[in-house]
Structure formats: structure tokens, C-alpha cells
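Here's a friendly walk through one protein model, written for someone new to reading structures. Have a look at it first, then read on.

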Amino acid sequence: MMNDKLVFLGLLYFVQGIPYGLQSSLLPVYLRGAGHSLTRIGFTKILYFPWVLKVLWAPLVDRVGTKRRWLVGTVSGLALTCVSSAALAPEAHIWGVAGTLLAMNTLASVQDIAVDGAAVGLLKGRGELGLGNTAQVVGYKAGSVFAGGGLLAVIDVAGWSWMFMLLTFVYAGVALFVWGAPVLDEETVRGQQADGSKRGGQGADAMKPWRVWRKLLAVPGTPWTVLYVLTYKLGEQGAVTMFPLFLLDHHMTARELGFWNGVIAMGFSICGSSLGGLLLAQFSIGALMRRVFVLRTISMVFQSSLLTVLEPSPLMKGMAVLSMSIQHFLGGLITTLTFTTMMHCTQRAEESIQATHYSFLATLEVLGKLTFSALAGGVVDWFGFQVAFLFFLTLSAGTALHVWTATFTGALREHQLKEQPK
């Protein structure tokens, strides 16, 4: 039965990661090859905005209909958007492609709410929760690798339309699987609907939202965590977004980037995310974050130094692949540590607002990455790669200092984090 749950969750998180892979890895390289500016490519990150707004429609998904219907509806909608994308050429219909990607992000964000809600009802006990969260991280990143790396590696041969027709069949097959999945029987997830009666008692606060916001911000550690989740990825996000485009301009083809950055580097990211959970069972989160953030800053120094080499060579390609792999590995590790930090903070809130508190932090985490990703291309176009990466490095060093200070005098002090989630 547990294997059925893991397959079910892993498959849904896999297809949920496809839009991210398309937009973060495939689309920038494809548009750059078509001659679009880095500023325009950077602004495509605005299409992620539905993920920032998902907290607004989460209550609707939670209280109306069943999780099975929401999942089948959203996955079927994703199949239809892929059909629409297959009929478009990004060189000639950039706004049409942008519209379909916006629709995909909207549907995927709703799917995320539904599958998270289903997971809460399906997973029982600490053991199942650990395995379920592993399925979430690995499934999502595998979907991203498939779309952003695997498809990019063959797009020159297969073409844009063929690629989206393949995705159409993938989504249609998953929709049929979910429709008949026995793990979503009403008896299995009935507990979620039963929680609705508990929420009804919170109507007074719902009518006076400022009371909820005051409660959220009054939770110990929240101000520090808010600043942290908004800024912890800024420098890294700029480097991860722009370095592959530097390589496309000077050293690698789109097919090579699809393999090395979209597949190999993302594989390192998955390893980093998985290792984070194992390390948390052995070491305190404060000590881990202090060291990993310093390592990330050092890796960005290494990556920035590669920007001075403009002549293509096998050595440069090897160093670039090594740099991207290290950066993605540390980024995956930091992501696991960050979501654990967010959970620690939320656990200090009273039970009636814990779900809202965590959604609030998660939304800010997406907003911080999204905003900087949208602006990074403009920074590079305006100042050039070398100056822009010096700026990214400065931001990364500032975040490392922010974390280092917090481990001694702030929210990450050891005595506040003795009880680590396993």
C-alpha cells in the first residue's frame, strides 16, 4: 500500500515539475538561440506569478469538490495547454507561448495545492511522511530534468511541436491514472473534509484578517525568517539563470546545455536535496547552514572567474560543467535546509494558524526567487556578465553573513533548534 502511495505522489509531482523545467531551462536557451535579449528572457519569469497567488485559491481547493476531481481537472487542463503550445512557434508567437506557459503555471499551482492536501490524508506516521517528502522532491526535480534537460537535448531534432505533443500524451496518461487510482478512495482522504468543521470556528478571524496577520508576524523568529526566505536565493538565482546563457553565447550548443545543465547538473541538485535530509539527522541545522552558505559563496567565486574565459575549449567546458554541478548540488542542499527552517518557525505558531503561517512563508520564498529571476537578465544586459556576477556574488556573501550571524545571536541559535524534524 505504501508503494502505491509513493508511485501516486511521485508521478503527480513529476508532471508538476514539467512546467518549471520548460520555463527555467528549455525556454531561455531556445529564446536566446532565436535572438531574444536577456532582458526579455528574464521577464518570462513573471509567468511564475500564479505560484505567488496560490495562497488565495487554496481555501477553494480545500473546501470545494474532491481532491480526485481537482487533480484530474488540472492535469487534463495541462494536456490541453500542451496541445495549444504544439500549434505555436516561439519565434513568431512569443506572446502565445507566454500565454500557454502562464496557463500551465496556473494549473500546476492548483494541482500543487490538491496533491499536497491528498498527501496529508494519505501519509500516516513519521516513516511515511519522510518517504512521501522524498517522493515529492525527487519527483518534482525529475519532471524538471525531463522537460528542461531531456527535451532540450532533442528539440533541435524533434522540433517544438513534437515535443509538446509528447507532453500532451504524458499528461493525458497521468489524468487517466489519477481518475482510477485506488489510493484516492473517499474513505482514504475523508479526514481532510472532516477538518472543515474545525476551520469554521475561525470565522471571526477570517472576517478580520489583520488579526491573522498580527498573529503571523508575532510568531517567534518570523521577521528573521521572512527576510531570509526573500533573500537567500538572490545571488544564486542570478548565477543559475544567467551562467547557462553565457555558455550558450560563447562555449556550448543548446543540445550540450540541455544535457549538462538540464540533466547532469539537476541530478546533482536532486542529490543535494536528498543529502540534506540525511545530514539533518546527524547535525544541527544552524551548523549545517553556516557551512553550506560559505561553500556556496566560494563556488560562486569559482564560477565568476570562468566569465573571463571567452575562447571555447574543452578545459573551459569541463570547468563550466563542474561549476554548474557544484552550484546545483549546494542549491539543492540549501533548499532542504531552508524548508526545514521554515517548518521550525511554523511549529512555534499556535495550531489554528500553522497552515496559514507556512503558506505565507512559502509564498514569500517563491516571490523572492521570482522577482530576482525576472530582473537578472536586465542586470546582465545593462552591466555585462562580469559586473553582474560580481553583484550576484555580493548578494550571496551578504546572505551567508546573515545566516552566520543568526546561528550565534538570532533565530538559528542552537538552543532554539534542539528538536530537529527527522
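## A histidine on the inside

Let's start with His328, which sits in helix H16. Helices here are DSSP runs of H or I with at least four residues, strands are runs of E with at least two, and both are numbered from the N terminus. Is His328 buried or exposed? His328 is buried, with a relative accessible area of 11%. "Buried" means under 20% relative accessible area, "exposed" means over 50%, and "partly exposed" is in between (1.4 Å probe, protein chains only).

Which residues does His328 touch, once neighbours within four places in sequence are left aside? Among them are Val240, Asn261, Met266 and Phe268. A contact means heavy atoms within 4.5 Å.

Residues are numbered from 1 along each chain as its sequence is written, and side-chain values use heavy atoms, leaving out hydrogens and water. The protein has 18 helices and zero strands. Of its 422 residues, 50% count as buried. Take the contacts between residues at least 6 apart in sequence: 85% of them join residues at least 24 apart.

pLDDT is the predictor's confidence in each residue, from 0 to 100. Its mean for the protein is 77, and 76% of the residues reach 70 or more. Confidence is highest in helix H15 (residues 285-305), at a mean of 91, and lowest in helix H10 (residues 203-207), at 45. Over residues 187-207 pLDDT stays under 50, and residues 417-422 also stay under 50. Where pLDDT is low, the predicted coordinates should not be read in detail.

## Salt bridges

Side chains of opposite charge can pair when their charged atoms come close. A salt bridge is a side-chain nitrogen of Lys or Arg within 4 Å of a carboxyl oxygen of Asp or Glu. How many turn up in the whole structure? The search finds four.

One of them joins Glu236 and Lys233, with the closest N and O atoms 2.6 Å apart. Glu236 is buried, at 4% relative accessible area, and Lys233 is buried too, at 7%. Another pairs Glu256 with Lys317 at 3.1 Å, N to O. Glu256 lies in helix H14 (residues 254-280) and Lys317 in helix H16 (residues 314-347), so this pair ties together parts that are 61 residues apart in sequence. Glu256 is partly exposed, at 27%, and Lys317 is partly exposed at 26%.

Then there's Glu365 with Lys369, at 3.0 Å, N to O. These two are four residues apart in helix H17 (residues 354-383), which means they are separated by about one helical turn. Glu365 is buried, at 2%, whereas Lys369 is partly exposed, at 25%. Salt bridges that share partners also link Lys233, Glu236 and Arg296 into one network.

## A helix with a bend

Where does H13 bend? The spot is Met242, where the bend is about 25°, and a proline, Pro244, follows within four residues. (The bend is the angle between axes fitted to the seven residues ending there and the seven starting there.) In H13, 14 of the 17 residues are buried, so the helix is largely enclosed by the rest of the structure.

Technical notes. Predicted model: local features only at pLDDT ≥ 70, side-chain atom pairs only at ≥ 80, totals over all residues.
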